[in-house]
Amino acid sequence: MTSACWWQTDVIYQIYPRSFLDRNGDGIGDLRGIAARLDYLVDLGVGAIWISPIFASPMADFGYDISDYNSIDPLFGTMADFDALMKAAHDRDLKVILDFVPNHTSDQHPWFQQSRASRDNPRRDWYIWRNPAQPGVAPNNWLSEFGGSAWEFDGLTGQYYYHAFHTRQPDLNWRNPAVRSAMHEVLRFWLRKGVDGFRVDVIWHLVKDDQYRDNPINPQFRLGDPPNRRLVPLYTTDRPEVHDLIAAMRRVIDEFDDRVLIGEIYLPIERLIAYYGRDLSGVHLPFNFSLIGARWQAQSIAKLIDEYEAALPPGGWPNWVLGNHDRPRIASRVGPDQARVAAMLLLTLRGTPTIYYGDEIGMQQVPIPPEQIRDPLEKNVPGRGLGRDGARTPLQWDGGKFAGFATVAPWLPVAANYAQQNIAEQIRNPGSIYRLYRRLLALRREQPALRRGSYRPISANGDLLLYTREFEGDRIFVVLNLGSEPTAVALPAESRAGRLLVSTFGDRDRELVREIIDIRGNEGVVVELSKQAVDALPD
Ligand code: NOJ
């Protein structure tokens, strides 16, 4: 690889806008809040921000139900605020990625209002309408991700409409060319404004079986699983036709220079990689969520990295995600010590990393009292641990009231320990996880081997995960101890010495190592390898 694109070398930071920073005093984050903290992000060392939806919305699913694709919801600000944010970001060399939600609109979108008005409305076929199988019975067995049937009966016209998620999120009919061109125009609207790309919501859902066949029963379903897992979503997701739709979307992106298309896709690796498309005509980055669900065990993680690396198509660029607004926080899944090891893993693997806001200070799941639950998924399917509010709480900026996030009570509770765990405190504390993130991000910028180098696993036992990254003769050795017992690790063959660049404990910078490195429990280290003996290394 001679030159790399920004989306290959930069690190992406996901902002959940409701919870980043409130500047207009309503307890909900907004665009001016984001603009006010761009310097924080530059200083942290990320190169791109992805902002979850900021468009006009009744907020039935907190912005993933859009009623006007080309306007900013007043909760978040105005178009002028958006333009100012874009300019401020680009002035700082930060890229801006927006969320694109093509699978469904809000039921308040004028398109749906027209579509539901009568069977012969010109917009009828913009959504998916079907007759009852028999009076009072849904057209088939398809289930909603948010619980219950995916079909909602509309008395006015006597038909059902399909919604993969909330009843207030009717699915668009992507088989209709008019829908496709309208949505392409939405992309162009924002691309002309200079946005650097899109994260495309549930892209693998986009097209459904045109024969409306029943989904088969899932033999692996267990009591306590989300109810829609009762069926295998064979006819509702990952249909072969989706790849042509994505290639067409990609052609729109390619009308503009240097933009990126990222797909949200929860599929096993072998099906995920199909989203790079034939001859890489699909999304640039099909989000790789394999670490999000992974058992935190060295050998299983080593295996999933190997499988992913092996499955990538020629020229397909990898990417890694540890957390997002739909899944429990990494620090709660693996504990605060391993959250540091996870950070080192995320930022030293080959491929584009995405950091979820707040993970850089080790934010944990916040327990949500029943009366403060906001998530429609938790409200529809209560008590199964599906609630997403706990991972969406206000960012803890400082030890002041409401953690410096807002001046009034925020829309979701602030973590109880915010006085100790916050950005201001962690910036001051050299041993904080924030300082580790910042150091690792700086290291990626300094070391081409980390940004662009090859990945080579080194087999290990027990709790150790070992690999090297190499670029034009520079070699980096990564040692991650996923357990709590101390251990010792030999340098890889051909290396007699090295210099430790960073430890997850933040206390071993520039330590020289010869042949063997002592590793503490829960420690990860990054070592720059040398072919020389340690005595020959410069100080
Ligand atoms: C995926 C989004 O990440 C999630 O938050 C949302 O509820 C669904 N898509 C439906 O839009």
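**Ligand shell, salt bridges and local backbone features**

Val202 is buried, with a relative accessible area of 5%. In this predicted model, Val202 occupies the loop between strand 9 and helix 7 (242–254). The phi angle of Val202 is near 30°, a positive value in a residue other than glycine. Most residues other than glycine have a negative phi. Leu280 also has a positive phi, of about 55°, although Leu280 is not a glycine. Leu280 is placed in the loop between helix 8 and strand 11 (285–286). With a relative accessible area of 30%, Leu280 is partly exposed, whereas Val202 is buried.

The surroundings of the ligand were examined next. A shell of 14 residues surrounds the ligand, and the closest of them are Asp61, His104, Asp201, His325 and Asp326. By class, the shell is made up of seven charged, four nonpolar and three polar residues. A polar side-chain atom of Asp61 lies 2.6 Å from a ligand oxygen atom. For His104, the distance from a polar side-chain atom to an oxygen atom of the ligand is 2.8 Å. In the case of His325, an N or O atom of the side chain is 2.8 Å from an oxygen atom of the ligand. On its own, the ligand has 300 Å² of accessible area, of which the protein covers 97%.

Asp61 and Asp326, both among the residues closest to the ligand, also take part in a network of salt bridges. Within this network, Asp61 and Asp326 are linked with Asp375, Arg388 and Arg392.

The structure as a whole holds 32 salt bridges. One of the pairs is formed by Glu264 and Arg199, whose closest N and O atoms are 3.3 Å apart. Glu264 lies in the loop between strand 10 (260–263) and helix 8 (269–272), and Arg199 lies in strand 9 (residues 197–200), so the pair ties together parts that are 65 residues apart in sequence. Both partners, Glu264 and Arg199, are buried.

A further salt bridge joins the side chains of Arg520 and Asp507, with an N to O distance of 2.8 Å. This pair links distant parts of the chain, 13 residues apart. Arg520 is located in the loop between strand 20 (516–519) and strand 21 (524–530), and Asp507 is located in the loop between strand 18 (497–503) and strand 19 (512–514). Arg520 is partly exposed, with a relative accessible area of 32%. Asp507 is likewise partly exposed, with a value of 47%.

Glu470 and Arg475 form another salt bridge, in which the closest N and O atoms are 3.5 Å apart. Here the two partners fall on either side of the 20% limit that defines burial. Arg475, at a relative accessible area of 8%, is buried, whereas Glu470, at 33%, is partly exposed.

The loop between strand 18 and strand 19 also contains Phe505. At 34% relative accessibility, Phe505 counts as partly exposed. The C-alpha atoms of Phe505 and Gly431 are 6.4 Å apart in space, although the two residues are 74 residues apart in sequence.

Helix 13 comprises 14 residues (433–446). An α-helix has 3.6 residues a turn, so residues three or four places apart point the same way.

Finally, the contacts of His163 were considered. His163 is placed in the loop between strand 8 (159–162) and helix 6 (177–192). This histidine is buried, with a relative accessible area of 2%. A polar atom of the His163 side chain lies 2.7 Å from the backbone oxygen of Phe165. The side chain of His163 also reaches the backbone oxygen of His166, at 3.3 Å.

Key:
Residues are numbered from 1 along each chain as its sequence is written. This is a predicted model: local features need pLDDT of at least 70, side-chain atom pairs count only at pLDDT 80 or more; totals for chains, interfaces and linings use all residues. Side-chain values use heavy atoms; hydrogens and water are left out. A residue is near a molecule or strand if one of its heavy atoms lies within 4 Å of it. A polar contact is a pair of N or O atoms within 3.5 Å; within protein, one must be able to donate a hydrogen and the other to accept it, and residues adjacent in sequence count only if both atoms are side-chain atoms. Accessible areas come from the Shrake-Rupley method with a 1.4 Å probe; for residues, only the protein chains shown count as cover. Ala, Val, Leu, Ile, Met, Phe, Trp, Tyr, Cys and Pro count as nonpolar, Asp, Glu, Lys and Arg as charged, and the others, Gly among them, as polar. A salt bridge is a side-chain nitrogen of Lys or Arg within 4 Å of a carboxyl oxygen of Asp or Glu. Helices (H or I, at least four residues) and strands (E, at least two) are DSSP runs, numbered from the N terminus. Buried means under 20% relative accessible area, exposed over 50%, partly exposed in between (1.4 Å probe, protein chains only). The expected span of a helix is 1.5 Å times one less than its number of residues.
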